[in-house]
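Dear colleague,

Please find the structure below.

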Amino acid sequence: MALAYLKPFEKIQAVISEELEEKEQAESSSGEVQDDTKTSISSKSSSMDEVTTGNKKKGMVLPFEPHSITFDDIIYSVDMPQEIKEQGVNEDKLVLLKGVSGSFRPGVLTALMGVSGAGKTTLMDVLAGRKTSGYIEGNITVSGFPKKQETFARVSGYCEQNDIHSPHVTVCESLLYSAWLRLPEKVNAETRKMFIDEVMDLVELNPLRQAQVGLPGVNGLSTEQRKRLTIAVELVANPSIIFMDEPTSGLDARAAAIVMRTVRNTVDTGRTVVCTIHQPSIDIFEAFDELFLMKRGGQEIYVGPLGYHSKHLIDYFEGIQGVSKIKDGYNPATWMLEVSTTAQELALGVDFADIYKKSELYKRNKTLIKDLSKPAPGSKELYFPTQFSQPFLTQCAACLWKQRWSYWRNPAYTAVRLLFTTVIALMFGTLFWDLGTKTKKGKIWPMQWVQCMLLFFSLASKMLHPCSPWWLLKGQSFIEKKLLECILPCHMQLPRS
Ligand SMILES: Nc1ncnc2c1ncn2[C@@H]1O[C@H](COP(=O)(O)OP(=O)(O)OP(=O)(O)O)[C@@H](O)[C@H]1O
Ligand SMILES: [Mg+2]
């Protein structure tokens with residue numbers, strides 16, 4: 001009844017706030033065209049000077065400390081899978097990363113590329129501390145200090161490839177929820193709101209602030225908007241280092257360019273951003289500052305700047321004997337993958353990983369890693385007085401607040417639950433009705449108890465069935481991402497399903 005009369009839910013679609021609608025109308029009547037179709041990606045700015053200026057220009061409400069991350073000779077291995085052992089392999093360990101080294105710096109956008117199965121996601125997971133199994137060797141430093149997962153989790157963000165969001169909350173609420181749980185306790189509600197507004201501006205989500213997220217492929221936000229929301233959810237935690245796993249995969253050229261523009265905006269605030277990327281267009285590829293190219297087997301074959309029109313990269317590969325020159329206008333991203341395939345290696349009789357290890361570039365990178373592995377004079381190691389950003393009660397309040405909206409806007413689910421609860425109450429009520437006066441203690445009681453349990457479990461499974469689709473999004477557990485994430489530590493890395 002309450003659900004019917006109070007009209008709590010709305011159709012799930014992209015809702016544009018009234019204020020913005022008015023603004024847009026005013027703009028269109030004055031002949032101005034909304035710059036919505038603008039797909040250009042703002043120019044790179046890798047120098048720290050520009051970054052600082054960019055930072056001031058954006059005027060972020062919450063300051064953050066820029067951090068670099070270096071990794072030296074990272075070897076990651078797992079226990080040999082049974083399937084491979086059955087094929088006659090005797091080794092105990094399968095090495096997925098064979099001693100990779102590099103550095104990611106503030107204000108520098110790095111592309112992590114390579115053929116499928118090269119180990120891009122594995123490397124990002126190892127660096128972000130998301131690997132719950134396997135053996136990691138090598139040094140990882142954050143601003144010159146050895147990486148500690150508890151503190152690193154507080155200054156880093158990870159945008160997963162699958163955009164998992166609660167479908168029944170709005171864009172603004174999703175960000176509020178993330179910010180509430182992940183920003184420090186000392187940030188008050190007003191500042192938090194201002195910061196969220198800034199982030200929404202940065203990732204161009206302001207026109208969609210009141211839109212419900214919806215279910216992927218069914219209603220609500222488009223894939224590209226969902227991707228920008230994923231980035232924003234991480235950004236509202238004010239991280240210094242952000243990992244993004246394939247932010248443009250599955251998007252068309254225009255949508256990919258919009259996402260890349262927001263990624264570029266993020267880098268220009270002085271953050272350290274690393275993206276794995278597949279088959280980028282020339283425009284997208286050239287929006288990156290640096291490239292970390294891997295080959296199958298978990299080895300790097302080029303780590304360095306791209307240069308204007310990818311000049312440095314092209315010069316490097318064209319300098320290798322036997323490598324065919326790039327044709328005019330050809331996409332350098334496609335070309336470099338084509339010339340560095342295993343088939344090409346066999347044809348030329350070379351190993352690109354070996355060539356890289358003997359190059360000047362490798363030596364320069366090693367020197368850079370060495371320099372960045374020492375703390376800057378006067379700098380302090382990351383320290384947080386508490387384990388989590390927010391106390392337990394605040395975490396509970398945030399979860400309840402969001403769950404309340406999720407249930408309120410999903411009347412079908414809530415109504416079914418109400419109905420089943422009533423039915424179960426009636427059934428149990430009738431089963432036990434007046435029992436105390438009719439039965440002798442210890443005789444019929446155990447039988448009754450068994451009956452009740454059977455009834456309860458059969459009904460409970462039926463009760464869960466109608467509500468499962470909305471929290472099992474494409475096989476991804478809603479509980480995993482949202483509920484456990486905040487009941488357990490909000491930054492805790494959860495194993496993937
Ligand atoms: N836990 C594991 N056990 C065994 N092999 C694994 C494990 N995790 C990853 N691999 C293997 O390691 C290799 C690298 O995987 P990874 O997901 O990092 O590749 P990728 O470069 O991200 O590929 P894609 O471009 O397809 O995302 C793959 O061959 C994968 O099968
Ligand atoms: Mg991957």
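Is the crossing of α12 and α13 left-handed or right-handed? The crossing is left-handed, meaning that the near helix is turned anticlockwise from the far one by less than a right angle.

This is a predicted model, in which local features need pLDDT of at least 70 and side-chain atom pairs count only at pLDDT 80 or more, while totals for chains, interfaces and linings use all residues. Residues are numbered from 1 along each chain as its sequence is written, and chains are lettered from A and ligands numbered from 1 in the order in which they are written.

Helices (DSSP runs of H or I, at least four residues) and strands (E, at least two) are numbered from the N terminus. Helix α12 (residues 311–318) packs against helix α13 (residues 332–339) at about 25°, with axes 11 Å apart; axes are lines fitted to C-alpha atoms, for helices over the stretch in contact, and angles run from 0 to 180 degrees between N-to-C directions. The two helices are therefore roughly parallel (under 35 degrees). L313, I314 and F317 of α12 meet P332, M336 and V339 of α13 (C-beta atoms, placed from the backbone, within 7 Å).

An open, mixed sheet has six strands in the order β6-β7-β8-β3-β9-β10, where pairing requires at least two DSSP bridges. β6 and β10 stand at the edges with a single partner each, so one side of each lacks a neighbour in the sheet. Five bridges join β3 to β9, and these strands run parallel; A111 has L291 as its bridge partner in β9.

Yours sincerely

Conventions. Parallel < 35°, antiparallel > 145°, perpendicular 65-115°, else oblique. Contact = placed C-beta atoms within 7 Å.
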